[in-house]
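Reader: Please show me the structure, and then let us work through it by question and answer.

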Amino acid sequence: MSRVALRVLLDQLVTGLIILCIMAAAIPVVILLLFVVIKGLPGITAPGFFTDLPHPIGVPGGGVFNAIVGTLVVVGIASLLAVPIGTLIGIFLSEFGRNRVGYAVRFVSDVLTGLPSIAFGIFGYTVLVATLGHFSAISASAALAVLMLPLILRATETALVLVPNSLREGGLALGAARWRVTLQIIVPAALGGIVTGALLAMARAAGETAPLLFTTLGNEFLQLNPGRPMGTLALTVFKNALVPYSSLQDQAWAAALLLVLIVSVTNILARVYVRRVQR
Amino acid sequence: MKHAVSAAGIAIALLLAACGGTGSTSPGPASGGATVPTPPAAALTGAGSTFDYPFFSAAFYAYNQKFSQVTVNYQSIGSGGGIQQFAKKTVDFGATDVPAKDSELQPIGAAGTVQMPVTLGTVSLAFNLQGVNDGQLKLTPKTISGIFLGTIKKWNDAALAADNSGVSLPDQPVTVVHRSDGSGTTYIFSDYLSGVNSDWKSKVGTGKSISWPTGQGAKGNEAVATTIKQTPGAIGYVELAYVLQTNMTQAKLQNKDGDFVLPSPEGATAAAGQYLVTSPAQFSIVNAPGKDSAPISGYSWVMVSKDQTDKTKGTALVDMLDWLVNDGQQYAANVHYARLPSSVVQNDVAALKTITSAGSTLLTVGAS
Amino acid sequence: MSQGTAETVVPVPPVMLRHRRHRVDGDRIFQCLAISAGILVLAIAAIFLLALFVPALPAIREFGLGFLASRDWNPVSLRFGALPFLYGTVITSLVAMVIAFPIGIGAALFLADDARLPFIRVPLSFAIELLAGIPSVVVGLWGLFILVPLMRTSVEPFLSHTFGFLPFFQGPYSGSSYLTAGVVLAIMVLPILVALSRDVIRAVPRSLREASLALGATKAELTWSVILPYARIGVTGAVLLALGRALGETIAVTMVIGNRPGISGSLFAQGYTLPSVLANEFTEATGKIYQGALFELGLVLVSITIAVNVLARLLVWRFKGASEASVV
């Protein structure tokens with residue numbers, strides 16, 4: 001075979017391999033989602049899944065109402081903590097961050113993103129559970145807030161950096177103070193990216209399990225007081241997966257389906273929103 | 001009377017909605033309301049043993065149906081976890097299958113703790129073998145030790161075949177499943193093995209967390225059961241309730257008298273009946289004599305602080321525990337636990353009466 | 001943009017002066033607020049490390065450096081060592097990277113190339129992004145009920161028969177194993193590996209690519225001789241970041257690894273990782289030594305993860321420019 005033909009053959013081979021690779025990369029999510037939907041659909045469409053509390057083990061039926069409420073409360077409080085602070089830090093990094101402090105903050109936040117989620121649980125336990133003397137939803141929220149902070153921070157900074165400098169210069173040239181320019185011109189222009197970052201961080205927090213294991217412990221009853229232990233959807237999936245009762249295992253799949261729906265829809269919405277806002 | 005209790009309960013629940021949890025408000029079964037104390041509204045948290053989780057799950061659900069102002073949130077994290085979290089005071093009560101030592105209860109200490117048995121259960125050896133049904137496999141102390149020491153590696157081992165002449169055991173490796181967490185069930189089981197096998201006693205010993213010679217670990221009775229169910233050729237020690245409620249296959253165990261018994265609540269009661277005294281110092285009922293005794297049985301204990309700082313919570317706690325060892329025992333029978341012997345119940349109520357808050361006794365009503 | 005108006009070089013009338021002082025104060029307040037928020041992050045990170053380090057001290061004093069080499073894990077005799085968990089963490093992550101690396105680079109090459117099948121690129125890229133958002137516990141659930149039986153009935157027997165001469169495919173298998181955990185981890189780190197590698201490959205200058213194609217190179221030769229060497233540093237950084245993620249993954253691994261603190265040469269064996277043992281035993285550790293040992297394990301885990309992450313970020317930053325925000 002001529003040298004050229006050999007090279008072309010090699011090229012086609014490599015192209016084939018690359019296509020195999022992308023297929024292999026895209027298949028896991030399809031398989032995962034397929035199984036979650038197939039196994040979770042019976043449970044999620046069962047009457048009372050959304051409105052009932054869990055039944056004692058061995059008694060079929062029941063629902064995850066307490067877990068849904070718990071997830072909303074825990075993630076809600078975590079977001080209330082992380083979003084304002086994270087946005088502020090992101091603003092700081094983009095506007096005043098070209099110095100040593102900014103460098104350090106960026107570095108530390110990048111390191112925090114890579115930490116194992118269980119470490120945040122240990123942090124939450126040492127700081128809020130051992131000191132206050134009981135498990136609580138708020139210790140989980142604190143752990144999740146620290147987990148969300150770097151994500152929001154970086155997303156905000158990225159969004160702000162993308163705003164064209166001409167906007168900044170124009171505002172300053174009109175005589176507005178630096179802080180006014182930032183808060184009233186730049187931030188609104190970057191709002192798409194900031195909101196996306198916050199939504200993605202919230203979706204991530206909703207799916208976390210490890211930080212919750214020894215902070216909020218879990219609760220089969222409805223609990224509205226964040227100072228007490230609460231259950232969440234992710235915890236429900238984890239615990240029910242490990243029990244031998246098939247009705248509870250079905251509920252685990254159903255809760256997993258619900259969780260995947262919430263997280264995926266939030267992710268999709270966030271990305272669509274940012275694409276629409278960025279002209 | 002019943003309506004008044006429910007109405008009062010609902011009113012209290014509405015008033016204290018921020019501090020307490022809410023459960024379903026359907027009217028619970030009437031069970032002689034006059035002798036069961038009505039607790040104040042409280043959200044109680046307990047943690048510990050997975051051994052009695054099926055019982056607790058049913059009982060606390062029923063208690064909330066009866067008294068909607070009280071939620072008892074019990075998380076089964078293993079006896080070790082129960083003792084640790086109780087000692088740290090992160091939970092209101094702890095549950096364990098082996099009474100805690102004074103050193104484990106620091107800083108409260110054993111003197112400041114009431115430890116009382118609340119249920120009686122038995123450990124079963126569940127397995128997963130195709131073609132071998134419930135009760136068809138017979139295990140002796142010798143074969144059980146062999147399996148868990150790792151000396152019996154295959155199901156068609158000579159020692160197993162000798163005891164099971166009518167059953168065809170496959171040429172399949174034995175997968176041992178044990179606990180990965182600090183477990184009172186492990187304590188009861190290893191206590192039994194130490195008693196029947198000197199090799200085990202010297203090499204491994206008794207404890208909540210031991211160094212297993214072989215096998216894979218799973219967290220909690222629940223996960224051990226799930227693993228056995230999913231792994232052909234697996235065998236492990238699981239509390240009876242999990243086995244019966246999920247239709248697993250278990251083996252007949254040879255007790256001290258030489259009889260092969262299928263673990264059951266009656267077997268547990270027979271074993272417990274052989275011992276007159278039950279206290280945190282003397283609690284082991286494994287390898288009990290008697291032809292009906294289930295050899296690997298044990299009580300499960302609840303730990304409560306003698307001095308309750310929060311009077312309302314403390315009152316709710318003792319009321320709930322009083323109900324648990326009296327009326328609550330009916331739920332034990334439903335989920336394959338044995339009722340507490342009446343002598344034990346009397347001791348428990350007496351112990352509950354020693355619990356005080358700021359000096360005054362909290363338990364106001366006697367046993368039914 | 002239109003020109004500003006009010007400010008001139010002429011001495012400013014008193015009214016304007018007062019106004020200007022207000023503005024400066026507002027700016028200063030804003031700056032102080034922003035800087036304190038930044039310092040807050042540093043403070044949180046410091047508390048984070050202290051929360052791990054201080055409770056670990058009793059164990060550090062008791063076991064010293066030997067902790068890292070000891071195979072013991074005995075809560076009864078209070079002898080602890082990190083080796084089985086270090087081994088498990090490293091092995092499962094290695095298996096994950098061996099599986100994920102070729103697939104990830106191939107996928108990244110596909111997605112970075114604008115000329116290949118554009119209409120299918122978007123859905124494929126979307127699928128991989130979706131995978132990134134799936135919670136760890138859901139992957140673990142699938143792993144426990146679908147993958148473990150599959151491994152036990154099909155994959156592990158096949159590997160045992162065909163490749164049983166290799167020491168790591170020998171021995172009994174029950175489905176839960178280092179191998180299964182490695183597969184689960186590979187699935188979890190694939191998205192981040194693909195996303196970062198794609199960015200790195202896209203950053204290869206167009207001029208280089210076009211020049212080599214103009215000289216008659218095939219796509220394969222372009223990739224092998226130009227793109228990959230150029231992107232080598234950045235791709236290494238991406239791989240390290242993915243590795244860092246694999247090292248720290250907790251829940252999905254706990255559900256499929258078998259939870260046995262031991263060291264085995266066989267990939268079919270059950271094992272334990274640093275995050276898993278923390279998840280399982282944290283709530284029940286009694287006594288300062290046992291607790292200290294667990295905290296020390298946490299410290300080891302966090303140190304390894306930080307080291308890998310720092311190395312990765314340095315490489316990625318060097319490749320992409322230090323001020324650009326990262327993708328994750």
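Author: From the N terminus on, the elements of chain C follow the order α-β-β-α-α-α-α-α-α-α-α-α. The model is predicted.

Reader: How many helices and strands does chain C have?

Author: Of the 328 residues in chain C, 51% are buried. Among its contacts between residues at least 6 apart in sequence, 78% join residues at least 24 apart. The count of elements in chain C is 10 helices and two strands.

Reader: Which element gives the most to the side of chain C that touches chain A?

Author: In this interface, 79 residues of chain C are in contact with 80 residues of chain A. The residues on the side of chain C divide into 53 nonpolar, 19 polar and seven charged. With 20 residues, the element that gives the most to this side is helix α1 (residues 14-63) of chain C.

Reader: Why is α1(A) described as roughly perpendicular to α7(C)?

Author: Two packed helices are described by the angle between their axes and the distance between the axes. For helix α1 (residues 3-44) of chain A and helix α7 (residues 219-248) of chain C, the axes come within 7 Å and cross at roughly 75°. Angles of 65 to 115 degrees count as roughly perpendicular, and therefore α1(A) and α7(C) are roughly perpendicular.

Reader: Which residues of α7(C) meet α1(A)?

Author: By class, the contact of these two helices has three nonpolar, two polar and four charged residues. From α1(A) come Arg7(A), Leu10(A), Asp11(A), Val14(A) and Thr15(A). The residues they meet in α7(C) are Lys219(C), Ala220(C), Glu221(C) and Thr223(C).

Reader: Which element gives the most to the side of chain B that touches chain C?

Author: The contact takes 24 residues from chain B and 18 residues from chain C. Both α3 (79-87) and β7 (216-218) of chain B supply at least two residues of the chain B side. That side divides into five nonpolar, 16 polar and three charged residues. The element that gives the most, with five residues, is α3(B).

**Inside chain B**

Reader: What percentage of the residues of chain B count as buried?

Author: Chain B has 13 helices and 14 strands. Residues 24 or more positions apart account for 73% of its contacts with a separation of 6 or more. Of the 368 residues of chain B, the share that counts as buried is 58%.

Reader: Are the faces of β1(B) covered or exposed?

Author: In strand β1 (residues 42-48) of chain B, seven of its seven residues are buried. On one side these are Ala42(B), Leu44(B), Gly46(B) and Gly48(B), and on the other Ala43(B), Thr45(B) and Ala47(B). Both faces of β1(B) are therefore, with a residue counted as buried at 20 or more other C-beta atoms within 10 Å, covered.

Reader: What is the handedness of the crossover from β1(B) to β2(B)?

Author: β1(B) pairs in the parallel sense with strand β2 (residues 70-76) of chain B over seven bridges, and Leu44(B) has Val72(B) as its bridge partner. β1(B) also runs parallel to strand β3 (residues 93-96) of chain B, joined by three bridges, where Gly46(B) is partnered by Phe93(B). From β1(B), the chain passes through helix α2 (residues 53-66) of chain B to β2(B), and this β-α-β crossover is right-handed.

Reader: Is Met320(B) buried or exposed?

Author: Met320(B) lies in helix α11 (residues 311-325) of chain B. Leaving aside residues up to four places away in sequence, Met320(B) touches Pro39(B), Leu44(B), Tyr63(B), Val70(B) and Val72(B). Because Met320(B) has 23 C-beta neighbours inside 10 Å, this residue counts as buried.

How values were computed. Residues are numbered from 1 along each chain as its sequence is written. Chains are lettered from A and ligands numbered from 1 in the order in which they are written. This is a predicted model: local features need pLDDT of at least 70, side-chain atom pairs count only at pLDDT 80 or more; totals for chains, interfaces and linings use all residues. Helices (H or I, at least four residues) and strands (E, at least two) are DSSP runs, numbered from the N terminus. A residue is buried if 20 or more other C-beta atoms lie within 10 Å of its own, exposed if 12 or fewer, and partly exposed in between; C-beta atoms are placed from the backbone. Two residues are in contact if their C-beta atoms, placed from the backbone, lie within 7 Å. Ala, Val, Leu, Ile, Met, Phe, Trp, Tyr, Cys and Pro count as nonpolar, Asp, Glu, Lys and Arg as charged, and the others, Gly among them, as polar. Axes are lines fitted to C-alpha atoms, for helices over the stretch in contact, and angles run from 0 to 180 degrees between N-to-C directions. Angles under 35 degrees count as roughly parallel, over 145 as roughly antiparallel, 65 to 115 as roughly perpendicular and the rest as oblique. Two strands pair if DSSP finds at least two bridges between them. A crossover is right-handed if, with the strands pointing away from the viewer, the path from the first strand over the helix to the second runs clockwise.
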